[in-house]
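Dear colleague,

I am passing on the structure we spoke of, and would be glad if you could look through it alongside the notes below.

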Amino acid sequence: MQAILRGGNRVLISRSTNVYTNLALERYLAENIKHQPKTRLLLLWRNAPCVVIGRYQNPYVESDLKYLAENEIKLARRYSGGGKFSHRYKRTIKYHLFCIL
(Lines give C-alpha, C1' and ligand atoms only; values in the text may rest on other atoms or scores of the structure.)
Protein backbone atom coordinates (compact mmCIF):
# COMPACT_ATOMS: atom_id res chain seq x y z
CA MET A 1 0.00 0.00 0.00
CA GLN A 2 1.23 3.46 -0.84
CA ALA A 3 0.33 6.48 1.31
CA ILE A 4 0.53 10.13 0.29
CA LEU A 5 0.20 12.79 2.99
CA ARG A 6 -0.56 16.45 2.30
CA GLY A 7 -1.43 18.51 5.36
CA GLY A 8 -4.45 16.87 7.01
CA ASN A 9 -5.30 14.97 3.84
CA ARG A 10 -4.30 11.39 3.11
CA VAL A 11 -4.41 9.32 -0.04
CA LEU A 12 -4.04 5.55 0.25
CA ILE A 13 -3.44 3.50 -2.87
CA SER A 14 -3.99 -0.24 -2.52
CA ARG A 15 -1.64 -2.35 -4.63
CA SER A 16 -3.88 -5.39 -4.21
CA THR A 17 -6.25 -6.38 -7.00
CA ASN A 18 -8.10 -8.86 -4.79
CA VAL A 19 -11.70 -7.72 -4.33
CA TYR A 20 -12.01 -9.34 -0.89
CA THR A 21 -8.85 -7.64 0.40
CA ASN A 22 -9.92 -4.25 -0.91
CA LEU A 23 -13.45 -4.52 0.49
CA ALA A 24 -12.02 -5.55 3.87
CA LEU A 25 -9.68 -2.55 3.82
CA GLU A 26 -12.56 -0.23 2.92
CA ARG A 27 -14.67 -1.57 5.80
CA TYR A 28 -11.80 -1.41 8.28
CA LEU A 29 -11.12 2.23 7.42
CA ALA A 30 -14.82 3.14 7.52
CA GLU A 31 -15.22 1.65 10.98
CA ASN A 32 -11.99 2.97 12.50
CA ILE A 33 -11.42 6.40 10.98
CA LYS A 34 -14.58 7.80 12.59
CA HIS A 35 -12.63 8.14 15.85
CA GLN A 36 -10.19 10.62 14.29
CA PRO A 37 -11.74 14.09 13.94
CA LYS A 38 -10.89 16.38 11.00
CA THR A 39 -9.63 13.49 8.92
CA ARG A 40 -9.91 13.37 5.14
CA LEU A 41 -8.85 10.17 3.44
CA LEU A 42 -9.09 9.07 -0.19
CA LEU A 43 -8.71 5.33 -0.81
CA LEU A 44 -7.95 4.23 -4.38
CA TRP A 45 -7.91 0.65 -5.60
CA ARG A 46 -8.36 -1.53 -8.66
CA ASN A 47 -9.84 -5.01 -8.65
CA ALA A 48 -9.35 -7.98 -10.94
CA PRO A 49 -12.57 -8.75 -12.87
CA CYS A 50 -15.40 -9.17 -10.37
CA VAL A 51 -18.97 -8.28 -9.53
CA VAL A 52 -19.71 -6.53 -6.25
CA ILE A 53 -23.26 -6.44 -4.91
CA GLY A 54 -24.78 -4.50 -2.03
CA ARG A 55 -25.70 -5.85 1.36
CA TYR A 56 -29.36 -6.54 0.58
CA GLN A 57 -29.11 -7.67 -3.03
CA ASN A 58 -29.91 -11.17 -4.22
CA PRO A 59 -26.96 -12.62 -6.22
CA TYR A 60 -29.32 -14.93 -8.15
CA VAL A 61 -31.26 -11.91 -9.43
CA GLU A 62 -28.38 -9.46 -9.88
CA SER A 63 -25.89 -11.65 -11.74
CA ASP A 64 -25.47 -14.67 -13.95
CA LEU A 65 -23.73 -17.05 -11.55
CA LYS A 66 -23.05 -19.65 -14.23
CA TYR A 67 -21.28 -17.06 -16.42
CA LEU A 68 -19.23 -15.84 -13.46
CA ALA A 69 -18.12 -19.39 -12.60
CA GLU A 70 -17.28 -20.27 -16.22
CA ASN A 71 -15.16 -17.12 -16.59
CA GLU A 72 -13.57 -17.27 -13.13
CA ILE A 73 -15.06 -13.90 -12.14
CA LYS A 74 -15.40 -13.40 -8.40
CA LEU A 75 -18.65 -12.34 -6.75
CA ALA A 76 -18.40 -10.28 -3.56
CA ARG A 77 -20.83 -8.56 -1.23
CA ARG A 78 -19.96 -5.27 0.42
CA TYR A 79 -21.16 -4.43 3.91
CA SER A 80 -23.12 -1.36 2.80
CA GLY A 81 -26.17 -1.15 0.61
CA GLY A 82 -26.22 0.13 -2.93
CA GLY A 83 -26.29 -1.29 -6.41
CA LYS A 84 -24.27 -3.81 -8.35
CA PHE A 85 -20.87 -2.89 -9.81
CA SER A 86 -18.96 -4.81 -12.45
CA HIS A 87 -15.21 -4.27 -12.27
CA ARG A 88 -13.02 -4.62 -15.33
CA TYR A 89 -9.34 -4.81 -14.47
CA LYS A 90 -7.85 -2.19 -16.77
CA ARG A 91 -10.87 0.08 -17.08
CA THR A 92 -12.16 0.57 -13.55
CA ILE A 93 -10.59 2.46 -10.68
CA LYS A 94 -12.61 2.47 -7.47
CA TYR A 95 -12.43 5.11 -4.82
CA HIS A 96 -13.84 5.79 -1.39
CA LEU A 97 -13.69 9.22 0.23
CA PHE A 98 -13.78 9.36 4.02
CA CYS A 99 -14.42 12.79 5.58
CA ILE A 100 -14.72 13.15 9.33
CA LEU A 101 -15.45 16.70 10.45
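Predicted model: local features only at pLDDT ≥ 70, side-chain atom pairs only at ≥ 80, totals over all residues.

Residues are numbered from 1 along each chain as its sequence is written, and side-chain values use heavy atoms, with hydrogens and water left out.

The mean pLDDT (the predictor's confidence in each residue, from 0 to 100) of the protein chain is 80, with 75% of its residues at 70 or more. Confidence is lowest in strand S1 (residues 2-6), where the mean is 62, and highest in helix H3 (residues 65-70), at 93.

The protein chain has 3 helices and 7 strands, these being DSSP runs (H or I, at least four residues, for helices; E, at least two, for strands) numbered from the N terminus, and along the sequence they follow the pattern β-β-α-β-β-α-α-β-β-β. Of its 101 residues, 29% are buried, that is, under 20% relative accessible area with a 1.4 Å probe, protein chains only.

Three of the strands form an open sheet in the order S5-S4-S6, with mixed pairing, where two strands pair if DSSP finds at least two bridges between them. Strand S5 (74-77) and strand S6 (85-87) are at the edges with a single partner strand each, so one side of each has no neighbour in the sheet. Strand S4 (residues 50-53) and S6 run antiparallel and are joined by 3 bridges, and Cys50 has His87 in S6 as its bridge partner.

With best wishes

Key: Buried < 20%, exposed > 50% of the residue type's maximum accessible area, 1.4 Å probe, protein only.
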